[in-house]
Amino acid sequence: MSSERLLPWFVRAATAGYGLTVGIALAPELVLRVSAHEVPGAIQAAGISPSTPMLQLVAAIALTIAGALAGNIAARKLCGTDTLVRAPSSEAAQTGVPVPHTAWAATCYCIALSSAAITLMHFGTLRHVILHGIVAAAMVPLRTLQPRFSRADVVLIPVLFSTYFALLDIGFGKTPAATFLRGAILVFALRLLAGWLATNRRPALAFVAAPLAFLFQMQWISAKAAGALALLWIVGTALLLTFLLREGSRERTVRRFATYVAFPIALAAYPLVLLGISSMPAIDFFEDGHDLMPASEMARGELPYRDVVPVHGLLSDGVLDLVAMKSGAASIGTLLKVRRVEASLNMIAIYAVAVAATGTAEGGLLAVLVGVMLWPSATLMVRVIPALAALALVVSAVRMRSRRKLLAAGAVIAIAALFSLEFAVYSAIVAIVAAMRWGGQRSRALLALFVGVIAVALPLLVVFAVIGFAGDFVTVSLALIGGGGVHVRTLLAVPDCFRSLSALVLNFAQPECFAFVMWVVALIAGAAMLAPSPLRARRRDAVWYVAMWVVVAAISYAERQHFYFAFALAPFLIGALFLM
C-alpha cells in the first residue's frame with residue numbers, strides 16, 4: 001500500500017492517540033472529592049470519591065474516540081486529493097532532487113500529536129500537551145507551503161540541541177520537557193520561514209552555520225550570555241544564509257563550508273558543551289598514568305623507549321602531555337583538560353569516516369550524533385584519531401578510485417603508529433586489503449600505500465636516530481607487538497546477552513549488547529557483500545571497509561575485553577543505511 005493511502009490512517013491514528021494523551025493529562029483535574037454518602041474505603045480515606053478512576057477511564061476512552069473522529073476532518077484537509085499532488089517528474093529531473101510533496105504537513109501533524117505522549121512522560125503537563133495540539137492545528141492552514149525538506153535537514157538536529165541548551169541557559173522554560181518543546185517549535189518555525197523565503201532547492205542549507213553556536217556554549221562564559229549569543233547566532237546566520245542562497249551559484253560554496261568547516265568544528269565542540277571545557281576532570285591513576293608518567297620522565301631528560309616506555313604510542317603516551325607541560329600546564333588537572341580538548345577531535349575523525357563512506361556531510365553529522373547517543377564511551381580518545389583518519393582515507397580512496405588518497409592513508413598509518421600500535425595495525429590491515437582488491441592496478445595501489453608509509457616513517461626514524469632512540473624504538477615496538485599475549489586474560493566467550501533469546505531481548509538496549517549485535521551484522525553482511533568479488537573492489541564497497549575495521553578491531557576484545565571496535569560502529573551503521 002502506498003504512503004498516500006496510508007497517510008490518512010496515520011492522521012486519524014495520531015489524532016486518536018493525542019486524544020488519549022489529553023485524557024491522561026486531564027486525569028488529575030478529574031479527581032472528585034468524597035461525599036458524605038460514600039461507603040467508607042481506602043480511597044475514601046484519602047478524601048477522593050471512588051467514582052474518580054471510572055470517570056478518568058471514561059474520559060480517556062471518550063477523548064480517544066473523539067480524537068479519531070476529529071482526525072477524519074484533519075485527514076480530509078491534509079490528505080485530500082487536491083493536497084496530495086506531486087509536481088511533474090520533469091521538474092524533479094531538472095532540479096536533481098525530489099520535488100516537495102505537500103504531504104509534509106500531514107507528516108508534521110502526525111509527529112506533533114504523537115510526540116505529545118513523550119512530553120507528558122518527561123514531566124510535561126496538560127498545558128504542554130495542548131501546545132502540541134496547537135502546533136498540529138497550525139499545519140492545516142500551512143499545508144500549501146513548500147518548505148522542500150531534504151537530507152540536508154539533518155543539520156536541524158544539532159541546531160535543536162543548541163537551541164534547547166540556550167533556552168535552558170536563559171531560563172525560558174521551567175522543566176526540560178517544556179524547554180525542549182519550545183526549542184523544537186522555534187527551530188521548526190524558523191525552518192518553515194526559511195522554506196518560504198528561500199528560492200534554492202535545499203532551504204535547510206541556510207542552517208549549516210547554526211551548529212557553530214556550540215562554541216558559545218562550552219561553559220567558558222556565563223550561562224545567560226552563552227544562551228543569548230547562541231540564539232542570536234542561530235537566528236541571525238539562518239536568516240543571513242537564507243537571503244544569500246537566493247543566488248543558486250552560492251549553494252556549492254555553502255555546502256563545502258558545511259562539510260569542511262562548520263560541521264567538523266561544531267561536532268568537536270559538542271562534547272565540550274556537555275562536559276564543560278573548564279570543568280575539573282576526574283583522574284584515573286592507572287589509565288592516565290600511561291600518559292603522565294612517561295611525560296614527566298621525559299621532562300626530566302629521559303629518552304622514550306630507552307629509559308621509559310610509552311606503551312601505546314610515543315605521541316599519545318608522553319609527547320603531547322610533554323608539549324602541554326612545556327606550554328604552561330603546571331598541574332595534572334590542567335593536563336587532563338588539555339587532553340580532553342584533544343580527545344574531542346575524535347568526533348571529527350568519526351565524522352570523516354562516515355563522510356567517506358556515505359559521500360555526504362549529512363551522513364557524517366548523523367553518524368557522530370548516533371555514536372554519542374548509542375556508544376558515548378566510544379567517542380573520546382586521543383589514541384584512535386589518526387587510525388580513524390587513515391580509515392577515512394582508505395574508504396574515500398575506494399569510493400573515488402583514488403590512489404593518491406591511498407598514498408595519504410599510508411602516511412597517516414605511519415603517524416597512527418606513534419599514537420597506538422594496535423589501532424595502526426587495524427587500519428593497515430584494511431588498507432592492505434583495499435589495495436589487494438584494486439583489480440588490474442593492484443601493484444600500483446600497493447606501491448602507493450607503501451610509499452605513503454615510507455615517506456613518513458623514514459624521516460621519523462632519522463629524527464629519532466639524531467635524538468638517540470631509533471634502535472630502541474624499533475626493538476621495543478616489535479617487542480610490544482610480539483608480547484601482546486601477556487594481555488590476554490581469559491578464553492574468548494560468547495557475550496552474556498547472546499546466551500538466550502530472552503537475554504538478547506532484555507539487554508538489547510544496553511550499549512555493549514547492541515555493539516555485539518552490530519559487530520555480528522558487520523561480520524556477516526561484510527562477508528556476504530565482498531564474497532561475489534573477493535579480488536576486485538567496487539565503489540559501493542566503501543562502507544564494507546568500515547565494517548572490516550569493526551571486525552578486525554575486535555582483536556582488542558579477544559585480548560583484553562575492550563570494545564574499541566565501537567569507535568567505527570556508528571559510521572558503519574549510517575553508511576549501511578545510506579547504501580540501502
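These legends accompany several close-up views of the chain.

**View 1. The whole chain, as a predicted model.**
Local features here need pLDDT of at least 70 and side-chain atom pairs count only at pLDDT 80 or more, while totals for chains, interfaces and linings use all residues. Residues are numbered from 1 along each chain as its sequence is written, and side-chain values use heavy atoms, with hydrogens and water left out. The chain holds 26 helices and zero strands; these are DSSP runs numbered from the N terminus, helices being H or I of at least four residues and strands E of at least two. Along the principal axes, the C-alpha atoms fill a box of roughly 95 × 70 × 50 Å. Of the 580 residues, 48% count as buried (under 20% relative accessible area; exposed is over 50%, partly exposed in between, with a 1.4 Å probe and protein chains only).

**View 2. A nonpolar patch on the surface.**
Look here for Leu407, Leu447, Phe450, Val451, Ile454, Leu458, Val462 and Val466, which together have about 740 Å² of accessible area (Shrake-Rupley method, 1.4 Å probe, only the protein chains shown counting as cover). Patch residues have over 30% relative accessible area and no salt bridge, with nonpolar side chains (Val, Leu, Ile, Met, Phe, Trp, Tyr) joined within 5 Å and like charges within 9 Å. A salt bridge is a side-chain nitrogen of Lys or Arg within 4 Å of a carboxyl oxygen of Asp or Glu. Helix 20 (residues 442-467) gives the most to the patch, seven residues. Val466 is found in helix 20 and is exposed, at 69% relative accessible area.

**View 3. The largest pocket, with a volume of about 1600 Å³.**
Closest to its centre, among 50 lining residues, are Glu287, His312, Met381, Arg383 and Tyr564. A pocket is an open set of points on a 1 Å grid over the protein atoms alone, where a 1.4 Å probe fits, with protein on both sides within 12 Å along at least five of seven lines; lining residues have an atom within 4 Å of a point. Grid points are joined across faces, edges and corners, and the volume is the space filled by probe spheres set on them. Helices that each supply at least two lining residues include helix 12 (289-299) and helix 23 (511-530).

**View 4. The second largest pocket, with about 1000 Å³ of space.**
Of its 30 lining residues, Ile111, Ser115, Leu160, Phe180 and Ala184 lie nearest the centre. Helix 9 gives the largest share of this lining, nine residues.
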